[in-house]
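Hi everyone, thanks for coming. Let's take a friendly walk through a structure that may be new to you.

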Amino acid sequence: MTSIQLPAGYTVSTDPARLDRPAVHRWLSEDSYWALGRPREKQDRAIDHSLNFGLYEDASGAQVGYARVVTDHATFAWLCDVYIAPEARGRGLGTALAAAVRDGLAELGLRRLLLATRDAHEVYAKVGFAPLALPEKWMLLGEQ
């Protein structure tokens, strides 16, 4: 798989104490198409029960990106809530964050890492994601 490095001046951390929870909530509940209107208490609960990847600007320490992974740490993970702050877009940070998540989960030896996206297929393809080979095997209970 292709190695993708973070651009100079950025760091990824899985330390939940570093997360700027108000910013993450604002980004997702006000600017994402998948989590519009998500209540803060629901977002905090999602953070508390997930593996979180924060992307930070080294110079200021400000959080500029976020990705959340729901996983059993053994066989399966779902990558969701991937977001790059508008002012940080266009620098390859989304692809670099997705690669950092992929690489960070590699040691777990997961059988599957899934995600859903409406408009960023090319970002995730760069780090190895592909369409489901047999989508007819998968079923969903909940929202389409």
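Before we start, one term: a residue is buried when its relative accessible area is under 20%, exposed when over 50%, and partly exposed in between, using a 1.4 Å probe and protein chains only. What we have here is a predicted model, where local features need pLDDT of at least 70 and side-chain atom pairs count only at pLDDT 80 or more, while totals for chains, interfaces and linings use all residues. Residues are numbered from 1 along each chain as its sequence is written, and side-chain values use heavy atoms, leaving out hydrogens and water.

Helices (H or I, at least four residues) and strands (E, at least two) are DSSP runs, numbered from the N terminus. Let's begin with helix H2, residues 40-48. Which of its residues are buried? They are Gln43, Asp44, Ala46 and Ile47. These cover an arc of only 160 degrees around the axis, so they sit on the same side of H2; the arc is taken from the directions from the helix axis to the C-beta atoms. On the face turned away from that buried side, H2 carries the exposed residues Glu41 and Arg45. And what covers the buried residues? The cover includes H1, E2, E3 and E4, with contact meaning heavy atoms within 4.5 Å.

Now the sheet. Five strands form an open sheet, ordered E1-E2-E3-E4-E5, with mixed pairing; two strands pair if DSSP finds at least two bridges between them. Strands E1 (10-13) and E5 (112-115) stand at the edges with a single partner strand each, so one side of each has no neighbour in the sheet. E1 pairs with E2 (residues 51-57) in the antiparallel sense over four bridges, and Thr11 stands opposite Tyr56 in E2.
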